[in-house]
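Dear colleague,

I am handing over a structure that may be new to you, and below it I set out what was found. Please read the notes with the structure open beside them.

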Amino acid sequence: MNRIPKFLARPLTLSVLGLTLLLGVSGCATSARVGVSNDFDHSVNFRAYKTWAWYPQQPTDTEGGPAKGYESFLDKRIRSAVEQQLAQKGLSQVEKNPDVYVAYSARVEDKQRTTGGYGPYGYPYGYGWGGWYGRGFNQGVIDYKAGTVILDFVDARRKELAWRGQGQAQVDNQTISETEVQRIVTSILGTYPPGAEQASR
């Protein structure tokens, strides 16, 4: 069997690794990642929740829609995405006496990140000749917009927060587009009920 000489093995390995990482980063650039986190009341039996309704005192969204007596585009997008995802999970939306109320908040913020290191989801920013071979990454600062959506589930009987999920992704504009809302909300509710993300693996 042919063997690769030892003095060629290391450069070949590094070349393959560099190509793999380069292709991985290029592929990730076409689909924005969503960073998701959640917290919840460990004493709650979430399987007992069968019905839900929007929280009556819904706070205003980033565009101030509900406060002005009409729904903004962002408000419609989030409500539509939440209703669709909860229906898929078998929860029924009702007008009165729900098991749980759902509220949301959303915002878009201007942020910066430094290239030449690892991003918020573990992928390296910046690459180039020599970047993978010990000379380090190119340094720089990138301005971007981050869209954040928070979903709260409030136990209707106890009037206490039962579950909170948060999702954040890079967005293109000062508002969160329909596609971006769908991706963020789907990612957040992919972790509901608690343990759902482990069960799906």
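Does Y55 count as buried, partly exposed or exposed, judged by its relative accessibility? Before the answer, please keep in mind that this is a predicted model.

At 29% relative accessibility, Y55 falls between the limits of 20% and 50%, and therefore counts as partly exposed. Y101, by contrast, has a relative accessibility of 18% and counts as buried.

The strands come next. Strand β2 (residues 51–54) runs parallel to strand β4 (residues 100–115), to which three bridges join it, and W52 stands opposite V100 of β4. On β4 there is also an antiparallel pairing with strand β5 (residues 140–155), made over 16 bridges, in which Q112 has D143 of β5 as its bridge partner.

As for aromatic rings, a search of the whole structure finds nine pairs. One of them is F46 with Y192, whose ring centres are 5.8 Å apart and whose planes stand at 90°, so this pair is edge-to-face. Because F46 lies in the loop between β1 and β2 and Y192 in the loop between α3 and α4, the pair ties together parts that are 146 residues apart in sequence. F46 is buried at 8% relative accessibility, and Y192 is buried at 2%. The rings of Y55 and Y101 are also edge-to-face, since their centres are 5.9 Å apart and their planes at 85°; this pair links the loop between β2 and α2 with strand β4, 46 residues apart.

Finally, F40, F46, Y49, F153, W163 and Y192 form one aromatic cluster, while R79 lies over the face of W54, at 4.7 Å from the ring centre.

Definitions and conventions: Residues numbered from 1 in each chain as written. Predicted model: local features only at pLDDT ≥ 70, side-chain atom pairs only at ≥ 80, totals over all residues. Heavy atoms only, no water. Pairing = 2+ DSSP bridges. Helix = DSSP H or I, 4+ residues; strand = E, 2+ residues; numbered from the N terminus. Phe/Tyr/Trp six-rings, centres within 6.5 Å; stacked < 30°, edge-to-face > 60°. Buried < 20%, exposed > 50% of the residue type's maximum accessible area, 1.4 Å probe, protein only. Lys NZ or Arg CZ within 6 Å of the ring centre and 35° of its normal.
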